[in-house]
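Here is a short report on helix packing and chain contact. Please look at the sequence and the structure first.

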2 protein chains.
Amino acid sequence: MPSSKTPSSAKPAPPEAPELIWLRPERTGRGPRPAHSRTTIAAAAVEIADAEGLDAVSMRRVAAALGAGTMSLYNYVPKKEHLLDLMLDAAAGEYDLAALAPTGDPRADLRHLGHQQLALCRRHPWLPALVIARPGIGPNALRYTDHFLAVTAPTGLDGGARMEAMAMFNGFVCQYAQYEQTAAAGAKWQAELVGYLTKAAMSGEYPHLAQAFATSGPPADPDTAFDRSLDRVITAILAPPAG
Amino acid sequence: MPSSKTPSSAKPAPPEAPELIWLRPERTGRGPRPAHSRTTIAAAAVEIADAEGLDAVSMRRVAAALGAGTMSLYNYVPKKEHLLDLMLDAAAGEYDLAALAPTGDPRADLRHLGHQQLALCRRHPWLPALVIARPGIGPNALRYTDHFLAVTAPTGLDGGARMEAMAMFNGFVCQYAQYEQTAAAGAKWQAELVGYLTKAAMSGEYPHLAQAFATSGPPADPDTAFDRSLDRVITAILAPPAG
DNA sequence: CTCTCTCTAGGTACAGCGTACGTAGAAGCG
DNA sequence: CGCTTCTACGTACGCTGTACCTAGAGAGAG
């Protein structure tokens, strides 16, 4: 039925919906008003992830938490990926950027930012994995980006370099948080690991590993270790281009 | 049947199998000899992941590639996690550490190592995600660790600090590789992103972002950008503790 | 107000996943 | 030889993301 005006099978204009959820309008104004919002959906998902881990966040689970049918959720979130985007941005909205207003001292400002970010990652153990996995656009993430750029403005670095610096900074904090988690989770695992490593060190196959074991002091407390590494990262950011 | 000597239901000694796959012997010597080895299994999994991505690596898929039944695979790999461990170590086995023998110049050595690592991540796009997600023990990973410790020996840092440095280094390279992938994948996505960002920048909500857009030069080629950031990371590692 | 069109809500269904469990048979040890 | 212990593998369960379809609600056009 090529040109006859059959009323039903007309597909006028869904030519290409944007892949990025932030480019889809939350509401078009037509039809019944939605029962939920991106904010409430994200909040529900975050609550589940906080309580039971990221794997517990399934479309069914989130929909149920909202009191909705599973498939209804797909009206708001076309793919599960997008649900994760919403969670990511919800978490980014928890920064207290007002408390972090730039002071003109990039090192101090970045230290504060790093601490707040680590606290955020500790509060939401699923967060680091998401931050590392996906770019993280979205209004709140952009606010964070803007803040980072503001804080690093005094360095004299150009825009591109400061974006690269942010990626490094971000990546470092999240990786640290993630490492902290795997270390904390499972005393048995930890014990096995130590046993295995010492066995490996004593095998003679890894001389430098053995030597490192011998020369390293007692394990530092997590916060101290973080501060030390964070300072190194900040040094890298503030240092002149290279040598 | 509590105390009668029924022959079948005796559970003598599976008290606690180690969680770490490297602590389980590959072969106990009893029973028929296995038709596969960890090496061949890892190779099959790697081949699938290279060709179709990490998501395509399922127990069924790998088993089929080996010509085995799905559940047979569980004799070698008690959980899927462990299959990923095997893949990780197989990839770590591809380092040409002989070509990277320590020269006494940590900066140069780390540069070489970083380049080889990036090449490895480009060859196996699934690798960065795995490295970031899990600690990465295993014989080949330990060889890498040992090498890193050897290369950084001249810095005078103690064992613990050099391990922290390795985590930073590793994390940086893998994150960069991962970023590169998401950037490369999907011109449409990329286009949407640029559009969204410029719109955001022009909204006035993100003044520093807008300014950064304005002041950043033309996008650098990926290798240059990598080298620049890598050098910063190396600086951070080599720098005296902090200021 | 009425018509129409678009939206939301939700059920059903499918392919695929990890893996618990049970059975059959082969290979090494006593 | 026989006992034990391993390997191989089929079946089955609960879970996942999501394609597709049917109703019906509500806003805008006439």
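A crossing is left-handed if the near helix is turned anticlockwise from the far one by less than a right angle, and right-handed if clockwise.

## Model and numbering

This is a predicted model, in which local features need pLDDT of at least 70 and side-chain atom pairs count only at pLDDT 80 or more, while totals for chains, interfaces and linings use all residues. Residues are numbered from 1 along each chain as its sequence is written, and chains are lettered from A and ligands numbered from 1 in the order in which they are written.

## Helices α7 and α10 of chain B

The crossing of α7(B) and α10(B) is right-handed. Helices (DSSP runs of H or I, at least four residues) are numbered from the N terminus. Helix α7 (residues 159-184) of chain B packs against helix α10 (residues 222-238) of chain B at an angle of about 165°, their axes 10 Å apart. Axes are lines fitted to C-alpha atoms over the stretch in contact, and angles run from 0 to 180 degrees between N-to-C directions. The two helices α7(B) and α10(B) are therefore roughly antiparallel (angles over 145 degrees).

## Contact between the chains

In all, 55 residues of chain A are in contact with 53 residues of chain B (C-beta atoms, placed from the backbone, within 7 Å). On the side of chain A that touches chain B, α7(A) gives the most, with 12 residues. That side of chain A divides into 32 nonpolar, 13 polar and 10 charged residues. Ala, Val, Leu, Ile, Met, Phe, Trp, Tyr, Cys and Pro count as nonpolar, Asp, Glu, Lys and Arg as charged, and the others, Gly among them, as polar.

How values were computed. Angles under 35 degrees count as roughly parallel, over 145 as roughly antiparallel, 65 to 115 as roughly perpendicular and the rest as oblique. Two residues are in contact if their C-beta atoms, placed from the backbone, lie within 7 Å.
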